[in-house]
Amino acid sequence: MCLGVPGRIVSIDGVVATVDFWGVRRAVRLELVDEPVQPGDYVLNHVGFAIRRIPEEDIQGTLDLYESLLHGEGDLMAADVRSELAATPEQGPDA
Amino acid sequence: MPEATGGGLGAEELRLRRSPHGTGGGLRPASEPDGARELKFRDPARARELGLALTAAADAMGRTVSLMHVCGSHEQAIARYGLRASFPRSLDVIMGPGCPVCITDTPEVDEGVALARQGVTIATYGDMVKVPGTVLSLGDVQAEGAKVEVVYSVSQAVELARATRDPVVFFATGFETTAVATAAALLAGVPDNFFVLSAHKYIPPVMEIVAEMPGSRVEGFLAAGHAATITGWGVFEAFVERHKLPVVVAGFEPLDILAALLKLVELVRDGKPEVVNMFPRCVTREGNRNAQEQLFKVFRPAGGRWRGIAHVPNGNLRLRDEWAHVDARRRFDIDLRPLWQYAPPALVQDCICGDIMAGIANPKQCKLFGKECVPDTPVGACMVSSEGTCKIWHLYGGVPDLADAPRAEVQP
């Protein structure tokens, strides 16, 4: 539940960003993020809110980790990551 | 929250899409055998090296060293990669109160149950529906016809309220990582018929309680990476000062966990009670100041019971007076007495979930584990949540089962 999920910001409209998670686009709120973000940045999303901007040098490592986590049916970590996406509404500003 | 799939994103949907990130093909097709990949580390050589170093350091202590982590995701990773089977015998890694669903106390569930029975719509995270109150769960009253809606986020609960004139109460559970979302949603504005029943919990104070428990053998703590993303690692400095126990902040990758455990054993060995941040890519000393500000604008820490742990001073997050108008406890007359006229089911009286949450027992010591108590028909909260020790052990096997499994660090 506290695992979060990383994604790339496609566009921003006010406090809502359209974020791409492995080809799935979701609307992520930006009120909680720790520093200013712009399209192209990666953020860690938890229950529909970005809680951290992922620094450039950590992007690849973070994505690799989550890709390895997402495998497996009936796997609790994979299920938690998927439920993070389910927690994030589909309508982005440009959707 | 694996049970809750309604409106969610299925595994297949995710698998079939290609990665936009240029990470070399993205997610693998579903046809690839998952089982074969399950126990692989991204860097097996590093894992082997860390495993050996950990064994050497723990064995050199010449006695058992008990360390506690407070995070369901850590337990998932430890179990999923079979780490516990590879730990030396002299190292005891215990899961403490790190499952937010599990530590939601019985009377808090009762408040939700009572409100639902009074005709109020309760919106809550999927796992909460099965968590037993004193005699009933939210699922039980849902079956009786009460309106209990599963949501994945506070925003979905707010949407539910916008779509109706009836009162909607968001039964808000989770640690600071999740509480900040509730705070931000309230600060962004909610409709008049939206209320919050806060069972949010704050992790740092409970570590004090566990450290002070009579008979506690815990000599060091592994702190959860993402909770610390919000609070910052500086929040543990006062704890270390008071209890003279080291705290290491760790990420969720098995390598992160092995490295953090090794660091903890070294700190114990050297008698160095300090905070070490082994997850710098996510955690800073100050944490996410912006999120902290919003959290404490809406919530105040208050004492309260955690299931199985006892009273935790400042361990609960309650709505501040300025938010009384959305506080379900102040806006509704919640009468719990009708729920307490019955004796709890006999099985519940045998459940040792409390001792498991406190880290003084493990699931194998419960006579219900895997027999009367299984994920489909859980007796206690620890078997309900994907972050509960019992459910994790039930799915991946506990210590003895894993002894026969292929060792994670020797997988090519």
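Helices and strands are DSSP runs, numbered from the N terminus; the legends below use these labels for close-up views of a predicted model.

View 1. With a relative accessibility of 12%, B:Ser90 counts as buried, because buried means under 20% relative accessible area. Leaving aside residues up to four places away in sequence, B:Ser90 touches B:Ala58 and B:Asp59, together with B:Arg63, B:Thr64 and B:Val65.

**View 2. The open sheet of chain B.** Five strands are arranged in the order β2-β1-β7-β8-β9, with parallel pairing. The edges are formed by β2 and β9 (275-277) of chain B; each has a single partner strand, so one side of each is left without a neighbour in the sheet. From one strand to the next, the twist averages 25°. Strands of a sheet pair through backbone hydrogen bonds, either parallel or antiparallel.

**View 3. Pairing of β7 and β8 in chain B.** Strand β7 (residues 218-224) and strand β8 (residues 247-250) of chain B run parallel and are joined by 4 bridges. Within this pair, B:Phe221 stands opposite B:Val247 of β8(B).

**View 4. Helix α14 of chain B and the residue B:Gly271 that follows.** Helix α14 spans residues 254-269 of chain B, 16 residues in total. The distance from its first C-alpha to its last is 22 Å, close to the 22 Å expected at 1.5 Å a residue. Of the 16 residues in α14(B), 13 are buried, and the helix is thus described as mostly covered. After α14(B) comes B:Gly271, with a positive phi near 60°.

**View 5. The hairpin of β2 and β3 in chain A.** Strand β2 (residues 16-21) of chain A pairs with β3(A) in the antiparallel sense over 6 bridges. A:Ala17 stands opposite A:Val28, which belongs to β3(A). Between the two strands of the hairpin there are 2 residues, and A:Trp22 takes a positive phi near 50°. Strand β3 (residues 24-29) of chain A is mostly covered, with 5 of its 6 residues buried.

**View 6. Helix α1 of chain A and its buried residues.** Helix α1 comprises residues 59-69 of chain A; 8 of these 11 residues are buried, so the helix is largely enclosed by the rest of the structure. The buried residues of α1(A) are A:Ile59, A:Thr62, A:Leu63, A:Leu65, A:Tyr66, A:Glu67, A:Ser68 and A:Leu69.

How values were computed
Residues numbered from 1 in each chain as written. Chains lettered and ligands numbered in written order. Predicted model: local features only at pLDDT ≥ 70, side-chain atom pairs only at ≥ 80, totals over all residues. Heavy atoms only, no water. Buried < 20%, exposed > 50% of the residue type's maximum accessible area, 1.4 Å probe, protein only. Contact = heavy atoms within 4.5 Å. Pairing = 2+ DSSP bridges. Axes fitted to C-alpha atoms, helices over the stretch in contact; angles between N-to-C directions. Expected span 1.5 Å × (residues − 1).
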